[in-house]
Amino acid sequence: QLQLAESGGGLVQSGGSLRLSCEGSGFSLDYYAIGWFRQAPGKEREQVGCISSSGDKTNYEDIAKGRFTISRDNAADTAYLQINNLKPEDTAVYYCAAHGRCTIMKEYSFWGQGTQVTVSS
């Protein structure tokens, strides 16, 4: 069974950048689209965007357009979320999830445990 593990979160100052990683194990990540999500304190989880299994297509939600970039390296079974010009409102637990295709949040089959991103002003 596919397992996902996020890493790369931490405490960063406003205006800084982070690259989050989502590493797959137990099964090749090649077959899965990867979605990125986040959940801020006291708020519902929301989708950031997704990348197709081959990496040739990416979709971003409005909250992510302009500062977020999703990429992947299938040879390394890893997907990435680059966040630039971080803002305090980006503070959240960030999750990756896998499904056969980019889709809505509730359809994603496999989830990581999340990585905390905290942005100080």
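Me: Which residue stands opposite Thr78 in E8?

Reply: Happy to start there. This is a predicted model, and in it Glu23 is the residue opposite Thr78 in E8.

Me: What makes E3 and E8 a pair of strands?

Reply: Two strands pair if at least two bridges are found between them. E3 and E8 have 6 bridges, in the antiparallel sense, so they count as a pair.

Me: In what order do the strands of the open sheet come?

Reply: The order is E1-E3-E8-E7, 4 strands with antiparallel pairing. Direction ignored, neighbouring strands in this sheet are turned by 20 degrees against each other on average.

Me: Why do E1 and E7 stand at the edges?

Reply: Strand E1 (3–7) and E7 each have a single partner strand, so one side of each is left without a neighbour in the sheet.

Me: Why is Asp90 called buried?

Reply: Buried means under 20% relative accessible area. Asp90 has 0% relative accessibility, so the word buried applies. As for its place in the chain, Asp90 lies in the loop between strand E8 (78–83) and strand E9 (92–99).

Me: What makes the meeting of Arg67 and Asp90 a salt bridge?

Reply: The cut-off is a side-chain nitrogen of Lys or Arg within 4 Å of a carboxyl oxygen of Asp or Glu. The side chains of Arg67 and Asp90 meet at 2.7 Å, N to O, so the pair qualifies as a salt bridge. Arg67 is buried, and so is Asp90.

Me: How do you know that this pair links distant parts of the chain?

Reply: Arg67 sits in the loop between strand E6 (58–60) and E7, while Asp90 sits in the loop between E8 and E9, and the two are 23 residues apart.

Me: Which residues are linked with Arg67 and Asp90 in a network of salt bridges?

Reply: Arg38 and Glu46 belong to that network too. Glu46 forms a salt bridge with Arg38, their closest N and O atoms being 2.8 Å apart. Asp90 is also in contact with Arg38, even when its neighbours within four places in sequence are left aside.

Me: Are Arg38 and Glu46 buried, exposed or partly exposed?

Reply: Arg38 has 8% relative accessibility and so counts as buried. Glu46, at 31%, counts as partly exposed, because that word covers values between the 20% and 50% limits.

Me: Why are Asp62 and Lys65 called exposed?

Reply: Exposed means over 50%. Asp62 is at 65% relative accessibility, so it counts as exposed. Lys65, with a relative accessible area of 55%, is exposed as well. Asp62 forms a salt bridge with Lys65, with 3.2 Å between the closest N and O atoms. A search of the whole structure finds 5 salt bridges.

Me: Which residues touch the most other members of the largest nonpolar core?

Reply: They are Leu4, Ile34, Trp36, Leu81 and Tyr94, in a core of 26 residues. E9 gives the most to this core, with 4 residues. Leaving aside neighbours within four places in sequence, Leu81 is in contact with several residues, including Leu18, Trp36, Phe68 and Tyr94.

Me: How many residues make up the second, separate core?

Reply: That core has 5 residues, among them Phe37, Cys50, Tyr95 and Tyr108.

Key: Residues numbered from 1 in each chain as written. Predicted model: local features only at pLDDT ≥ 70, side-chain atom pairs only at ≥ 80, totals over all residues. Heavy atoms only, no water. Buried < 20%, exposed > 50% of the residue type's maximum accessible area, 1.4 Å probe, protein only. Contact = heavy atoms within 4.5 Å. Core = buried A, V, L, I, M, F, W, Y, C linked by side-chain atoms within 4.5 Å. Axes fitted to C-alpha atoms, helices over the stretch in contact; angles between N-to-C directions.
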